[in-house]
Amino acid sequence: MNRTLCFALAGLLAFALGGGPCAGNVAAADYPERAIEVVVPFGAGGGSDTAARAVVEGMKPLLKHGVVVTNMPGGGATKGMLHVSQQPADGYTVLAVTTSHLIDAVKPKTRAHILNDFDPLCRIQWDTSGVIVSGDSKFKTLEELIDYGKKNPKMLKFAGTSPGGWSEIQTVAFFKTAGVQVTFVPFDSGAEIKAAILGGHIHGAVEELAETLPLIQAGKLRALCVIMDKRHPALPDVPSSVECGLNYTHGLMRAWAVKKGTPPERQKFLLEVIRKALENPTYVKYIKENHLDVRPGYLGPQETRKYWEEEIAFFAEVLKDLGYVK
Amino acid sequence: MLEIYGQAFATVLLPQNLIAMVLGALWGLLAGALPGISTSMGVVLILSFTYTLAPMTALVLLVGAYLGGITGGGITSILFGIPGEPSSVPTVIEGHALAKQGKAAAAMWTYLLCSIFGGLFSVLFMIVATPLIADFALRFGPAEYFALTILGLSVVSGLSGGSMLKGFLSCFFGLFLATIGTDGITGEERFTFGTVTLLGGVNFVVAMVGLLAVSEIMMEAEEPFKEYKGMVEYRGLLEELPRFSLFRKYWLTMIRSPIIGTIVGALPGAGATIAAFLAYGEAARTAKHEPAKFGKGAIEGLMAAECANNASTGGSMTILLSLGIPGSNTTAMLVAAFMIHGMQPGPLLLSQRPDIVYGIFTAMIVINLLLLAITGTAIRLFLQLNRLPYSVFSAAILILCVVGAFGINNSVDDMMLMFVFSLIGYFMRKFGVPVAPCILALVLGDLAELSLRRALLLSGGSPLGLVSSPISAVLLLGALVSIVYPLIKKPKMLASS
C-alpha cells in the first residue's frame, strides 16, 4: 500500500470533517443564505398560484438568493401543508395558506393543523364573492331567489367546487343566513360551473367575483348580490349582502405562514420582505385588475391568527350542520 | 374581414412574434414529448418569462407551447411507447405497434400530418363557427357528459382484441381504479389507506406509463440480446411520406375525428385526452378496412387520435376566447397570461381587443405550419434513435419513465406506484388481457361517475333526467347499439374466452 497516498487521504478526510461544520457555522449567521421556497398547495395557474406568484415577483429583487414557487397539489390543500410541516422550522419553506386549511382544521382527520403547527406571517388577500345566476335567469333580484328558495326547500340548485370545503360552506352558510335550504352540486372547476350556469343546467353559484366579472359585464351572467358590507366598485348596481339585510360577509382569504418554531427574527425578516412585495407596483396592478383590493387584505401576524380562530369557529358550526363533523 | 386578417397576419409575422412562436413551439414539443412534463406544466414554466413581453408576443409564445405540447406527445409515443401526454395514449397503442413492425417512419409521418391537419381544421372550424361551437358546448350538462362517457366506454368491445370478456375485465378494473381518491361529491376518502398520495386519486400519467411502457419493457426483456424490431432505414422524404390514397381511404375518420376533437375540446370537463379516446373509439367501432388490426397497429386509429387531440386545441380556444371559460388545464394557464397583461378573456374581449383575438386565430394557423416544418425536419433525427440496440434503448426508456412518474408531483410514492402498475400491466399482457380498455376506463371513469351523480342531484334522484335531452338520448342510444351489436353479430367471441 502506498503510504503517501494513505496520508494524503487521511489528511483530506480530516479536512472534510473539520471544515464541514465550520463552514456551516459561519453561513448560519446571515439568513437567508439560499433560496426561499414558497409551497403552493394547488396546481399551477389557479387563483392561489397566481396570487403567490404575483407576491413572489415582488420579493425577488429583495432577496439575494431568490425565491421559488413549488406547486404541490393533492388532497385538497393537504399535501402541500403536510410537506411544509415536515420541513425544518428554519424559515426556508413558506406555505401559501388558503381558507381550505382553516376548514381542514375543523375536520377530525386533519393531518397537520394550521393553528397548532404553523405561525402566520400575514394575510395578503380577502376576496369577495357574489351570488351569480344566468343572464336569462327568471330570478332578477336576490329577494325573488330567496322567496323561491323558501317556498321550495332544496329545489334551489347551486353549483360549487369543493364538497365539504370552502365552496360548499359559503354557498350553504349564505343561504342558511337567508333562511333557505339549498341543494349543493359539486363540480370539478370554476370553468365547469360557469358553463353549467350559462347552459341553464343549474340555477347559479356563490363564487368569487373576479373570475366571473367579464361574463357579468357582458350580460351573460347576472350578480344578484355581492357578499360584503359595501357595494363592489365594478358592479355599482348590485346590492351588497348587508344592504339586503343579511349579516354575512365571509370571503376567501389567502395568507402566508411558516412552520411553528421558526426563529422570530426570521419570521420578522420574511414579513418585512412580503410587506415590501405587496407594495410593488406590479403586485398593486395585479390586485387592482383582479379586484382583490376591494376590501383591505393585509393583516399582521397576530390579527391573522385571531381572524383564523374566528373563521375556524364559524366553519366548525357550518360543517356540523352539514354533517361533515359530529 | 379579409382586411382584419391581413392586419393580424402582419402583426403575427413580426420578427419578435415569429421568434416567440418558434421558441414556444420548440419548448412545447419538448414538454409534450417528455412524460414528466405535461403541456400545461410546460406552459406554466414559461409563463413567468412573459411578464415583461408585449401582450401579443407573450400570448403567441404560450399558444405555441400549447399547440407544440399536444403535438409533441406523439413523438415519444410512437418511437418509445411512452405516452408523452395523456392524450397520446391511443397513439402509443397503435403507433408504437406500427413502429415495432418496422413502420416507424410511416407512422411518424402519418401522425405528424394528421396532427397538423387536425389542428388546422379546428382553427378554421373555430374561425367560421365560434358562436355555434360555444352554444353547442354549453348544451352539455351533467346528463350529456354522462352519456358521452358511456359512449366512450362502450368502445371497449372494439378494443378488446379477441375476447370481449377479457376486454370488460380490463375495463372494470380501470373503472375501479378511477374510484380511488377523494369522492368528488361528498369529499369522502375512498381506498386511500390513509395515504396522502392517493387522496387525489391514481395519477393518470403514472398508471399509463406503468401499464403501457414499463410493462412492455419487461415483456421485451424476456428475449435477451435482440436487436430493436423497429429498426429501419430511413429512405427519403418522398418514399416515406404517406400516399394521398391513405387519407382518401380513411376520409370518414379524417373528417369525423377533428369535429369530435373540436367539440370535446370545447367542453370544460373533457379535453384533449377524452377527445382522442372518443375519436379513436369511433374509428375502432366503425372500422371497415381492418377492424382486427386495432390494438396491433391500426394506422386508422393513430390517425383518428392525432387528428382529434390536436383539434381539441381549437375547441378549447374557442370557448376561452368567446366566453372566457378555459376548456382545458392548459387554456386555464392562458387565462392567467391574459390577466397578467391586463386582459380578461370573455365575451367582451372581441370588441375590446379584436387585434388580440384575430391575432391568436392567425397565430394558431402559423404555429401549426411551424410545427409541421420543425417536426418534419426532426423526424429523420428521431428515427436514428431506433438504431440503438434494444438493451440500450430500453434502459433509456426506463429512465424516462421513472423520471416522468416522479416529475409530475416530485413524489417518490408516484414512482413506486408506477412500478406497481408496470407489474399489473405485465401480468395483464401475460394473460392476454388487453391494457387499452383499462386505460380508457381510468380516463373516463371519474367523469362518468361524477356526472352521473351530478345529473341525479339535479333531477332530484330521477333517472329520467339522464335521457331527457336529445343529445344525451342519442349518445346513450349509440352506446347501447355499440355494446349490443357485436354480441349479436359474433356471439362466438364470448364463448372463445
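**Questions on a predicted two-chain model**

Q: Which residues form a nonpolar patch on the surface of chain B, and what is their accessible area together?
A: In this predicted model, the nonpolar surface patch consists of B:Leu477, B:Leu480, B:Val481, B:Ile483, B:Val484, B:Tyr485, B:Leu487 and B:Ile488. One of these residues, B:Ile488, lies in helix α21, which covers residues 470–489 of chain B. The accessible area of the patch residues together is about 750 Å².

Q: Is B:Ile488 buried or exposed?
A: A residue counts as exposed when its relative accessible area is over 50%. For B:Ile488 the relative accessibility is 62%, so this residue is exposed.

Q: Is A:Ser167 buried or exposed, and which residues is it in contact with beyond four places in sequence?
A: A:Ser167 belongs to helix α7, residues 166–177 of chain A. Its relative accessible area is 4%, and because buried means under 20%, A:Ser167 is buried. Apart from neighbours within four places in sequence, its contacts are A:Gly160, A:Thr161, A:Ser162 and A:Phe184.

Q: Why is strand β9 of chain A largely enclosed, and which residue in it stands opposite A:Gly130?
A: Strand β9 (residues 221–227) of chain A is largely enclosed by the rest of the structure because seven of its seven residues are buried. Strand β5 (residues 129–134) of chain A runs antiparallel to β9(A), and six bridges join the two.

Methods
Residues numbered from 1 in each chain as written. Chains lettered and ligands numbered in written order. Predicted model: local features only at pLDDT ≥ 70, side-chain atom pairs only at ≥ 80, totals over all residues. Heavy atoms only, no water. Helix = DSSP H or I, 4+ residues; strand = E, 2+ residues; numbered from the N terminus. Buried < 20%, exposed > 50% of the residue type's maximum accessible area, 1.4 Å probe, protein only. Contact = heavy atoms within 4.5 Å. Patch = residues over 30% accessible without salt bridge, like charges linked within 9 Å, V, L, I, M, F, W, Y side chains within 5 Å. Areas by Shrake-Rupley, 256 points an atom, 1.4 Å probe, with all protein chains shown as cover. Salt bridge = Lys/Arg side-chain N within 4 Å of Asp/Glu carboxyl O. Pairing = 2+ DSSP bridges.
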